[in-house]
Amino acid sequence: MTPKEVLALIREKEVKTVDLRFMDFPGVWQHFAVPAETVDEEMFEDGLGFDGSSIRGWQAINESDMLVIPQPDTALIDPFMRHTTLAMICNIQDPLTKEDYTRDPRNVARKAVNYMRSTGIADICYVGPESEFFVFDDVRFDQNEHCGYYYIDSAEGQWNRGRNEMPNLGHKIRFKEGYFPVPPADSMADMRTEMILKMGECGIPIECHHHEVATAGQMEIDMRFGELVKMADQLLWYKYVVKNVARQHGKTATFMPKPLFMDNGSGMHTHLSLWKNGENLFAGSGYAGLSDMAMHAIGGILKHSRSILGITNPTTNSYKRLVPGYEAPVNLAYSRRNRSAAVRIPVYSPSPKAKRFEFRCPDSSCNPYLAFAAILMAAIDGIQNKTHPGEPLDKDIYDLTPEELKNVPQAPGSLEEALDGLERDHEFLMRGDVFTEDVISTWIWYKREKEIEAVRLRPHPYEFCLYYDI
């Protein structure tokens, strides 16, 4: 869509407000709105000013002015606003130089794709994230100087089997037994259908939806794969739709990786393939039907995984999911079917067009622009250096002896460990000026200062269980 076509759409749909959206540094969608009659073609060139110092991880107060540049090809009618609203995703620029802002996550993703094309390796990177989430009936949490707690509730939750619900109709989902049950156990199938219909209105093609493994409303809706930057854009709309449909039903949705103790967490298994001239470069005659290029890409991701997890799994809560026993990909190895391996090669279809691999570590707390860019850059590094991924991990991880298991590299056990890895190993991310040193150092500073230290300083409720009677 061109600027002229956007203006025509505004007139055709009698749009009242134009919503301008962009992603902040940690990964939360931001917006402000302008009256539709103020939008003209010059806005797409000149942009609109805003205060960059009020956005987390961005400008200092003495250099706060920034520009949003609306991208006409992202224009969509928002399906939730009471008054007709057209939303556009924006790029961020410096108002003096008119250069794209290096800390704009969407700019990082765009540069990663441009770098891939400049190498001649491929012209398209297709990404397919499988985002999981929970929908709860109620959530309460607080933290202050003298108390800290959280409380989650769900009518589906196993813990409510004995609750007096006048009447309690049963059909509570047992821990780890939520995968694919039909209604009435799957109590939110209709709501998920509503979600995918809204996503369809936003131009997001959907492949399927279902209940996930955990109790208490864990779900998954799978989008059809798409080009890297467009898929990151779509993931923002995806989360927006999920949260707003849940709210319309009087419920609350979260993409927090591990909100429940002793049950499966929510991941974002991310499928990747590279294409050139309409040909899937990952199809071949090697292991699991993959090409040498695909194997080298896997090698690059495994080599740098302890670094890129600082971006793809960027919260302290992410590492409460990455623990053994919950189908979590804690083993930095690859396999054609083993879901405890960090990289899995799906074998559902023999078609060369379907050949890809799935990086299972990421979760939806990530900033998708940065996460997809980091995965691509690691894959490119592996291809350029012909990095071999080693032998596949095709055995059941639970059948491995301690001797065998000690030879399998493990995912970082904490965000702090992952950031240490990123600090040591990020040169591959900086090629082509995709991630700058400033972006890496600011990211690490923000996560350590604003999240790791903030959590470390506060007493944990379970510490009272362990230590109060000392």
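**Aromatic rings in a predicted model**

Let me begin with Tyr 334, which counts as buried because its relative accessibility is 3%, where buried means under 20% relative accessible area, exposed means over 50%, and partly exposed lies in between, with a 1.4 Å probe and protein chains only. What you see is a predicted model, in which local features need pLDDT of at least 70 and side-chain atom pairs count only at pLDDT 80 or more, while totals for chains, interfaces and linings use all residues. Residues are numbered from 1 along each chain as its sequence is written, and side-chain values use heavy atoms, with hydrogens and water left out.

Now to the ring pairs. Rings of Phe, Tyr and Trp (for Trp, the six-membered ring) pair if their centres lie within 6.5 Å, and planes under 30 degrees apart count as stacked, over 60 as edge-to-face and the rest as tilted. By this rule there are 20 aromatic pairs. One of them is edge-to-face and joins Phe 80 to Tyr 240, at 5.7 Å centre to centre with 80° between the planes. Both Phe 80 and Tyr 240 are buried. Tyr 287 and Tyr 334 also form an edge-to-face pair, with 5.5 Å between centres and 90° between planes.

Which residues do ring pairs link into a cluster? They are Phe 22, Phe 50, Trp 58 and Tyr 101.

Finally, charges over rings, which require NZ of Lys or CZ of Arg within 6 Å of the ring centre and within 35 degrees of the ring normal. Arg 21 lies over the face of Tyr 240, 4.6 Å from the ring centre, and the charged end of Lys 198 sits over Phe 80, 5.6 Å from the centre of that ring.
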